[in-house]
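Biologist: Please take a close look at one part of this model for me. I would like to go through the salt bridges.

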Amino acid sequence: MSAAVPICAIVPPYVLDRLAGAGHEPAVRSLALDTAHRAARLTAPPPTVGAPGLNRVIADAGHSQRLPGRTVRTEGHAPVTDASVNHAYDGLGDTFTLYSQVFGRDSIDGRGLRLDASVHYGQNYDNAFWNGQRMVFGDGDGQIFGDFTACVDVIGHELTHGVTQFTAGLEYQDQPGALNESISDVFGSLVKQYALHQSAADADWLIGAGLLAPGIQGVALRSMMAPGTAYDDPQLGKDPQPAHMRDYVNTADDNGGVHINSGIPNHAFYLLATALGGQSWDRAGRIWYDALTGGGLSAGADFTAFARATVAAAKARYPDQPSIADTVTASWSQVGVSPG
């Protein structure tokens, strides 16, 4: 069954709004494109069953707004001279590998869906997004943002919107939308940690580290370790993410604050992963994955509903280790969410 899917972009609209308001032309153009993408809301096709294993197709949009563009690299072919193509190819592979090797999932739909991506979209386009069918990457403007293919967690984040699309189907509004964004941040971070063989203690817990151009006062788009601290820059403004429900932002903008309030469940996951120790994907990641894919979440699930699902998932997966479920409960409690 096909369904309308939201256009989920990595750079929040309030960031581009601020830049556009200051007359930054690439942001003006990017914001206009993002608005058009969201208005179009593609109808995603039913999942296509493919051959088992990884299958990637990278296209070059040639700085146009026409998708998909010219195919430039396919599965198994050698690297090309275009670094953006190779980064996209590798990032799709790293994301597939995490889901396959850790969670036993065959591509993002669980049925071998081919992973398609287009690079060099638009002129100095300041974003990257999942449109329900493919990944689309801008080059950035070189002044505020760099190449969006260069951050593997950005790629993992966007492809995870596809996983959510094919599983819980969380609404892209208010708390369900913030969960949608947070889940993408969680698994985007796990993709990076798995690719770099990092433990929870070693990880930087940043989303989009290296994406901000030199001279911008910030380290990333978001911090799961310390929401609200990723950037504080005269052009970008200050990172608005809260880490606790007492600071929850009620707003009509950004689909009800989906990129802002995602800091709360993001921080809960960080607290759980670091409390459990070891590799984040091994226990904390499995619990989040089970909660997302277990079939018990409604599309309108709020933070409390998801917290309850994670506690139930911990009890089901680790029945002989009740301390794990207790740690899940404690992690949510520390951000002001009570699983009950």
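Modeller: The structure holds eight salt bridges. A salt bridge here is a side-chain nitrogen of Lys or Arg within 4 Å of a carboxyl oxygen of Asp or Glu. Side chains of opposite charge can pair when their charged atoms come close.

This is a predicted model, in which local features need pLDDT of at least 70, side-chain atom pairs count only at pLDDT 80 or more, and totals for chains, interfaces and linings use all residues. Residues are numbered from 1 along each chain as its sequence is written, and side-chain values use heavy atoms, with hydrogens and water left out.

Start with Asp 116. Its side chain meets that of Arg 114 in a salt bridge, 2.7 Å from N to O. Asp 116 is buried, at a relative accessible area of 13%. Arg 114 is partly exposed, at 40%. Buried means under 20% relative accessible area, exposed means over 50%, and partly exposed falls in between (1.4 Å probe, protein chains only).

Asp 116 also forms a salt bridge with Arg 134, where the closest N and O atoms are 3.8 Å apart. This pair links distant parts of the chain, 18 residues apart. Asp 116 sits in strand S6 (residues 115–119). Arg 134 sits in the loop between strand S7 (128–130) and strand S8 (135–137). Helices (H or I, at least four residues) and strands (E, at least two) are DSSP runs, numbered from the N terminus. Both Asp 116 and Arg 134 are buried.

Now the pair Asp 290 and Arg 317. Their side chains meet in a salt bridge of 2.6 Å, N to O. This pair, too, links distant parts of the chain: Asp 290 is in helix H8 (residues 284–293) and Arg 317 is in helix H9 (residues 303–317), 27 residues apart. Arg 317 is partly exposed, with a relative accessible area of 37%. Back to the shared partners: salt bridges join Arg 114, Asp 116 and Arg 134 into one network.

His 37 lies in helix H2 (residues 25–40) and is buried, at 13% relative accessible area. Not counting residues up to four places away in sequence, His 37 touches Ile 7, Tyr 121, Tyr 125 and Phe 129. Contact means heavy atoms within 4.5 Å.

His 267 is found in helix H7 (residues 263–276). His 267 is buried, with a relative accessible area of 12%. Leaving aside neighbours within four places in sequence, its contacts include Met 224, Met 225 and Pro 227.
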